[in-house]
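Me: I have just opened this entry and would welcome a short tour. Could we begin with a pair of helices?

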Amino acid sequence: MVTAEQQKIIDRAQLQQVNGWQHLKVKGTPYECGFQEGYLLVDEYKDALRVYQFMTLESFGMTYEWFAEQALKLHRDMIPARWLEELRGMAEGLTAAGVPTTTDDMIAWNDWMEITGYWWPQNAGKVMSRPLMKTHRKEHCSAIVATGSATVDGKPYLGHESFDEFWSGQYFNVCKRVEPDEGYAFIMQASAPCMLSSMTDFYVTAAGLNITETTLAGFDRYDEGGMPEWVRIRDAVQFSATIDQFVERLNKQNNGGYANAWLIADHNTGEIARFEQGLAFTSLERTFDGAYFGCNAVFDPRIRNLECKDNGFNDPRQQTGARRQRWMELIDAYYGKIDLEVVKKMLADTYDVYLGYNCPSSRCICAHYDVDPQYYADDPDAVWNIPFYPAGSCDAKAAGPDDVKHMKMWGRYGRADGVEFVARDFMDQHPLWKWMDGYLQDRPTQPWTLFD
């Protein structure tokens with residue numbers, strides 16, 4: 001039972017299920033926004049936590065609870081009070097809905113990707129009898145931003161799709177609108193329920209910014225004394241009105257966690273930017289006329305050579321190099337014609353430049369690892385480069401000038417090209433993966449959906 005005061009808080013929020021999405025609207029103080037999300041998404045969080053606990057042990061040999069302890073030791077005392085209040089609200093909302101949860105639980109939940117993907121590779125040798133051989137970092141996404149003469153009307157357009165293992169990508173169905181008591185309102189996709197920031201990183205803000213990213217493949221630096229990325233990006237999104245302000249806030253106390261190439265469109269000026277953020281090095285490119293794309297390849301040679309392992313920049317056998325080439329080809333083909341529908345079409349592209357024909361595979365802009373026999377992969381450190389890995393495109397998002405003006409966004413849950421994934425059929429065809437039975441969900445074909 002919730003109290004009368006808690007019910008008033010809940011009544012200010014809205015939740016709608018549409019085309020596979022949980023469309024959530026929260027508003028108020030940090031605590032109120034958090035409480036609304038925890039209470040309304042309790043079932044989704046409960047199931048996601050169950051799957052994450054199972055898959056953490058299977059993926060790393062260490063339990064979810066052990067990683068949670070490390071997250072709290074490292075980051076509990078450095079999270080600003082505002083964000084702690086929102087996490088506390090999430091915990092108390094979940095508790096009121098029947099799933100007892102603490103603020104510490106929420107810190108660990110939000111910290112999972114950074115701790116497992118960035119802290120753990122640097123510290124595994126201290127725990128294990130041998131160095132960690134492969135990372136489980138999620139560094140596979142495709143994105144584009146264009147403006148000026150590259151687009152039909154000279155205005156910015158931006159699109160993104162997330163790649164991930166399907167067990168985690170199946171929870172990328174939260175689209176959240178936040179109307180905070182301070183800063184700018186924004187709408188974002190979230191990688192799971194009860195996330196302070198997106199983590200799949202697609203944002204439209206009331207300040208007129210449209211923001212996304214693709215991860216820097218092979219990045220292997222981490223500063224334990226810095227601020228977690230999921231805190232820095234939430235601050236930058238909510239309190240930035242320009243590209244310069246966004247970069248400044250994101251850089252503050254940078255720890256190298258979740259190192260990304262950020263694509264940013266400022267719809268007030270028409271300017272776009274690509275901001276590659278390593279740890280020792282950063283690079284900011286910006287223009288009023290042209291296009292940038294993200295494919296996990298690292299463009300800045302200092303970051304690519306000094307802070308990353310091989311990331312396939314010039315190798316069409318690897319997913320980074322192949323998509324880098326394909327993005328260049330698509331931008332040339334559609335230059336001057338890019339609009340919202342062209343962006344959606346680009347995100348659904350399944351042309352394999354290494355094979356030289358249309359063939360869904362790990363090398364496509366819309367990745368299909370689950371159907372790729374991996375005859376040609378040449379990325380020795382990539383855990384995904386084994387045949388028929390259940391991973392790849394999990395969604396698609398896009399926004400144009402009218403969308404950003406009215407703080408709207410388009411989203412497609414499931415693959416960007418709409419091809420369905422049926423878990424039982426996949427496991428029957430590839431019985432090596434039957435150990436995931438009960439943890440892997442279907443993702444049927446869904447249409448593009450407008451969120452406003």
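Reply: This is a predicted model. The axes of helix H8 (residues 229–239) and helix H9 (residues 243–251) come within 8 Å, with a crossing angle of roughly 155°.

Me: Are H8 and H9 roughly parallel or roughly antiparallel to each other?

Reply: They are roughly antiparallel, because angles over 145 degrees count as such. The crossing of H8 and H9 is right-handed.

Me: Which residues meet where H8 and H9 touch?

Reply: From H8, the residues are Arg-232, Ile-233, Asp-235, Ala-236, Val-237 and Phe-239. They meet Gln-245, Phe-246, Arg-249 and Leu-250 in H9. Sorted by class, this contact has 6 nonpolar, 1 polar and 3 charged residues.

Me: Staying with H8, how many of its residues are buried?

Reply: The count is 10 of the 11 residues, so H8 is largely enclosed by the rest of the structure. The buried residues of H8 are Glu-229, Trp-230, Val-231, Arg-232, Ile-233, Arg-234, Asp-235, Ala-236, Val-237 and Gln-238.

Me: Let us step back. Into which domains is the protein chain divided?

Reply: The assignment gives domain 1 (4–128) and domain 2 (142–438). Their centres, taken over C-alpha atoms, are separated by 22 Å.

Me: How many residues does each domain bring to the contact?

Reply: Domain 1 contributes 49 residues and domain 2 contributes 51 residues.

Me: One last residue, then. Where does Ile-272 lie?

Reply: Ile-272 lies in strand S10, which spans residues 271–277.

Me: Is Ile-272 buried or exposed?

Reply: Ile-272 is buried, because its relative accessible area is 0% and the cut-off for buried is under 20%.

Me: What separation is there between Ile-272 and Tyr-157?

Reply: Their C-alpha atoms are separated by 9.4 Å, while the two residues are 115 residues apart along the chain.

Definitions and conventions:
Residues numbered from 1 in each chain as written. Predicted model: local features only at pLDDT ≥ 70, side-chain atom pairs only at ≥ 80, totals over all residues. Heavy atoms only, no water. Helix = DSSP H or I, 4+ residues; strand = E, 2+ residues; numbered from the N terminus. Buried < 20%, exposed > 50% of the residue type's maximum accessible area, 1.4 Å probe, protein only. Axes fitted to C-alpha atoms, helices over the stretch in contact; angles between N-to-C directions. Parallel < 35°, antiparallel > 145°, perpendicular 65-115°, else oblique. Left-handed = near helix turned anticlockwise from the far one by under 90°. Contact = heavy atoms within 4.5 Å. Nonpolar A, V, L, I, M, F, W, Y, C, P; charged D, E, K, R; others polar. Domains from an automatic or database assignment.
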